[in-house]
Amino acid sequence: MTHSSEATSAAYLAGELADGDSKDFEQHLLECDDCWADLDEARRGLTAVESLRELAPSHLRAAVRHGTPARGSGRSHRVALALAAGVAVVAGIGAGVVLALRPSEPSVIAAAVAGYIDDELPGARMPKAPPPDLTSLRLADIGAGAGRIEGVTVTAYAYRDPTGRRLMVYVGTTAFPMPRRAHMFHGPDGPWMTHTGGVMLLASRTPHTVLIVGEDDELVHDAAVALDVM
């Protein structure tokens, strides 16, 4: 397949790509910074919807996911996605929001996402290992803690860059389970990636003991490359 930037990113986010095309696009994302940027910017238009615990009705959310302008520049396309997401949220609130039912995630994955969203570390115990160095991405470590989440022993390192973008890197003693809707790179031994709760999660190559969580897809990708876990 060809990768026509915004159009392919929108179809990917909407789950409209065939399995083969989806895997091809994910492989392409590893090598194409422009497409990563397009995907990240398109996702920003949906973040307001996906990150809320009380969301607009399902038919409005579906309209946001599947509605794309027939004409216009790439920039206007991305802006339209962002505006459409905002309209759906406002309309949902005005009509009386309902809770959206998300596909169930492994409990440790859900806890990791909640920890990132709430900006909470898994425990107060200071880790023995120093934080992974992400200064090349202008990320400063702002906290670290070791503990257990859902029965799994983990160490979490929190980062923030000068623009306020946050990142959480979890290091587990056992593999992080792969969510049902995750996508694999490079076969069963490669990393996996998924989106849930308005954030992106990217797990390291086998044995999948490193989990990177953040709202900015490009930052998560760049951190995975910097840490050599892809």
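Reply: V210 has a relative accessible area of 15%, which is under the 20% cut-off, so V210 counts as buried. The model is a predicted one. V210 belongs to strand β7. Leaving out residues up to four places away in sequence, V210 touches V169, Y170, V171, F176, L202, A203, S204 and V229. From V210 to T155 there are 55 residues in sequence, and their C-alpha atoms are 9.7 Å apart in space.

Next comes the sheet. Strand β7 is part of an open sheet of 7 strands, with antiparallel pairing and the order β1-β2-β3-β7-β6-β5-β4. At the edges are β1 and β4 (183-184), each of which pairs on one side only. Strands β2 and β3 run antiparallel and are joined by 7 bridges. Within β3, V169 is the bridge partner of Y157.

Two helices pack on this sheet. Helix α6 touches β1, β2, β3, β5, β6 and β7, and its direction makes about 145° with that of β3. Helix α7 touches β3, β5, β6 and β7, and its direction makes about 155° with that of β7.

Helix α6 covers residues 107-117, and its buried residues are V108, I109, A112, V113, G115 and Y116. These residues lie on the same side of α6, because they cover an arc of only 160° around the axis. The strands they pack against are β1 (140-149), β2, β3, β5 (192-196), β6 and β7. After α6 comes D119, which has a positive phi, near 55°.

The nonpolar cores complete the view. The largest has 27 residues, and L134, L139, Y159, L167 and I212 are those with the most contacts inside it. At least two residues of this core come from each of α2 (19-29), α3 (33-50), β2 (152-160), β3 (166-172), β6 (199-203), β7 (210-214) and α7 (217-226). The element that gives the most is α7, with 4 residues. As for L139, apart from its neighbours within four places in sequence, this residue is in contact with L134, Y159, R160, D161, R165, L167 and L219. There is also a second, separate core of 20 residues, which includes V113, Y116, Y170 and W192. Of these, V113 and Y116 are among the buried residues of α6, and Y170 is one of the residues that V210 touches.

Methods: Residues numbered from 1 in each chain as written. Predicted model: local features only at pLDDT ≥ 70, side-chain atom pairs only at ≥ 80, totals over all residues. Heavy atoms only, no water. Core = buried A, V, L, I, M, F, W, Y, C linked by side-chain atoms within 4.5 Å. Buried < 20%, exposed > 50% of the residue type's maximum accessible area, 1.4 Å probe, protein only. Contact = heavy atoms within 4.5 Å. Arc of directions from axis to C-beta. Pairing = 2+ DSSP bridges. Axes fitted to C-alpha atoms, helices over the stretch in contact; angles between N-to-C directions.
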